[in-house]
Amino acid sequence: MRLRVVDFETTGAEGSEVIEAGFVDVERCEGGWRIGEPQSQFFSPSGVVGVQARAVHHIPDAALQGAPRSSPEAVERYLTQGEGVDAHVAHNAVFECSFLPRLAKSPWICTAKTARRAWPQAPGYSNQVLRYWLELNLDPTVALPAHRAGPDAYVTAHILQNLLQTETVATLLEWTTQPAVVSFGKHKGRPWDEVPSAYLHWMMGEQDMSEHRLAAARRELDRRATDLAIHEAAQ
């Protein structure tokens, strides 16, 4: 079995585009799971890289010159290269899936979501917090810098490896499909599908809101709009 852990860096803001995709394969082997070497690819966006996003990943425009044009199709082609993959993995899968209209329909494991179920005692659930809480002894030349696609995928692969010490792939897939909970603010601990729409719209208007939280709010609003349209069509 092969699980492909992926991570993106983006232009940020509305209409965000992927400018770096990274992945690490985690394969079942005798005695456990083997983690491969991280791979990454730059993509050239049609728009500009936002200042807030650049302050996180520090990818200069010069690094993107001559790279393949960013598009969902190009990123999906990159992520599906090589031998067959049984499931994809990301630390906040709803974020990565928002850029992958076709691949999002395949099986996914969210390590952030499943870590909350497996380790309720953890002090936090970002991949770097879990890295140090789990006392992962990682080669800094591979695991750093943080907030770059290859190194972040590598850290997430080790979090996945730890989850697989006690949970099955089937369990992680099931947990990923169950309702996520809000991890901040006055609705902390509530499933996203119970958060008032007014609060989700407020989130969408906050400039300082992280991309991951914006993606979760946008996905829930889209789900509600789809459900409403189906209900109205049935009347």
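These legends go with a set of close-up views of a predicted model.

Residue numbers start from 1 along each chain as its sequence is written, and side-chain values use heavy atoms, leaving out hydrogens and water. Since the model is predicted, local features need pLDDT of at least 70 and side-chain atom pairs count only at pLDDT 80 or more, while totals for chains, interfaces and linings use all residues.

**View 1. The largest nonpolar core.**
This core has 30 residues, and those with the most contacts inside it are Leu 3, Val 26, Trp 119, Leu 130, Ile 159 and Leu 160. At least two residues each come from β1 (2–10), β2 (18–29), β3 (32–35), β5 (87–90), α7 (140–143), α8 (149–163) and α9 (169–177). The largest share, seven residues, is down to α8. A second, separate core has 21 residues, including Cys 97, Phe 99, Ala 112 and Ala 215. Here, a nonpolar core is a set of buried Ala, Val, Leu, Ile, Met, Phe, Trp, Tyr and Cys residues joined through side-chain atoms within 4.5 Å. Buried means under 20% relative accessible area, exposed means over 50%, and partly exposed is in between, using a 1.4 Å probe and protein chains only. The element labels follow DSSP runs numbered from the N terminus: helices are H or I with at least four residues, strands are E with at least two.

**View 2. Leu 160 and what it touches.**
Leaving out residues up to four places away in sequence, Leu 160 touches Leu 3, Val 5, Val 26, Val 89, Ile 109, Thr 111 and Leu 172. Contact here means heavy atoms within 4.5 Å.

**View 3. Strand β1, covered on both faces.**
Nine of the nine residues of β1 are buried. One side carries Arg 2, Arg 4, Val 6, Phe 8 and Thr 10, and the other has Leu 3, Val 5, Asp 7 and Glu 9. β1 pairs with β5 in the parallel sense over three bridges, and Val 5 sits opposite Val 89 in that strand. On the β2 side, the residue opposite Val 5 is Val 24. Strands count as paired if DSSP finds at least two bridges between them.

**View 4. β2 and its antiparallel partners.**
What joins β1 to β2? Nine bridges do, with the two strands running antiparallel; Glu 9 has Glu 20 of β2 as its bridge partner. Strand β4 (residues 39–42) is also antiparallel to β2, through four bridges, and Ala 21 partners Gln 41 there. β2 and β3 make a hairpin with two residues between them, and Gly 31 in the turn has a positive phi of about 90°. As for cover, nine of the twelve β2 residues are buried.

**View 5. Ala 87 in strand β5.**
Ala 87 belongs to β5 and is buried, with a relative accessible area of 3%. Setting aside neighbours within four places in sequence, Ala 87 is in contact with Arg 2, Leu 3, Arg 4, Pro 107 and Leu 173. Val 24 is 63 residues away in sequence, and its C-alpha is 12 Å from that of Ala 87.

Cys 110 lies in strand β6. Is this residue buried or exposed? At 6% relative accessibility, Cys 110 counts as buried. Beyond four places in sequence, the contacts of Cys 110 are Ala 90, His 91, Asn 92, Ala 93 and Thr 176. Leu 160 is 50 residues away along the chain, with 9.2 Å between the two C-alpha atoms. In α5 (residues 111–118), the buried residues are Thr 111, Ala 112, Lys 113, Thr 114 and Ala 115. They pack against β5, β6 (108–110), α6 (127–133), α8 and α9.

**View 6. Lining of the second largest pocket.**
Val 94, Cys 97, Ser 98, Pro 101, Ala 104, Ala 215, Arg 218, Arg 219 and Asp 222 line this pocket. Two or more of these residues come from each of α4 (93–97) and α11 (211–234), with α11 giving the largest share, four residues. A pocket is an open set of points on a 1 Å grid over the protein atoms alone, where a 1.4 Å probe fits and protein lies on both sides within 12 Å along at least five of seven lines; lining residues have an atom within 4 Å of a point.
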